[in-house]
Amino acid sequence: MIYLYFTLYVIIINIIGFLVMFLDKTKAKNGDYRISEKTIFIISLLFGAVGVYIGMYKFRHKTKHLLFNIGIPVLIIINVLSIYYILSKNLLIIFLNYLNL
């Protein structure tokens with residue numbers, strides 16, 4: 001069951017990352033207050049990098065920024081390796097046992 005929750009979390013955080021790129025692009029077009037790059041990178045670090053990356057190219061947003069062109073793909077690799085490590089070492093179950101849940 002915990003793996004289902006973890007999978008749902010990863011899906012939801014990627015949807016959020018995608019929507020954040022859409023929202024930031026919309027705000028940029030309208031000249032409104034923007035979503036900080038720091039926030040976008042935090043979402044990416046929390047397993048949302050794929051959604052941010054898809055949003056970057058779907059909405060043509062931040063695609064000319066070197067930091068995003070290199071940083072987001074690097075975070076995708078880190079996300080994939082982290083998920084593999086978490087699942088291969090049963091860290092979710094160990095963490096829940098530690099919390100007595």
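**Core and salt bridges in a predicted model**

Author: The largest nonpolar core has 19 residues, and Ile40 and Val52 touch the most other members. This is a predicted model, where local features need pLDDT of at least 70 and side-chain atom pairs count only at pLDDT 80 or more, while totals for chains, interfaces and linings use all residues. Residues are numbered from 1 along each chain as its sequence is written, and side-chain values use heavy atoms, leaving out hydrogens and water.

Reader: What makes a set of residues a nonpolar core?

Author: Buried Ala, Val, Leu, Ile, Met, Phe, Trp, Tyr and Cys residues have to be joined through side-chain atoms within 4.5 Å. Here H2 gives the most, with 7 residues.

Reader: Why is Asp24 called buried?

Author: Buried means under 20% relative accessible area, exposed over 50%, and partly exposed in between (1.4 Å probe, protein chains only). Asp24 sits at 0%, so buried it is. Arg34, at 34%, is partly exposed.

Reader: And what makes Lys62 and Glu37 a salt bridge?

Author: Their closest N and O atoms are 3.3 Å apart, so they pass too. Lys62 is buried at 9%, whereas Glu37 is partly exposed at 30%.

Key:
Salt bridge = Lys/Arg side-chain N within 4 Å of Asp/Glu carboxyl O. Helix = DSSP H or I, 4+ residues; strand = E, 2+ residues; numbered from the N terminus.
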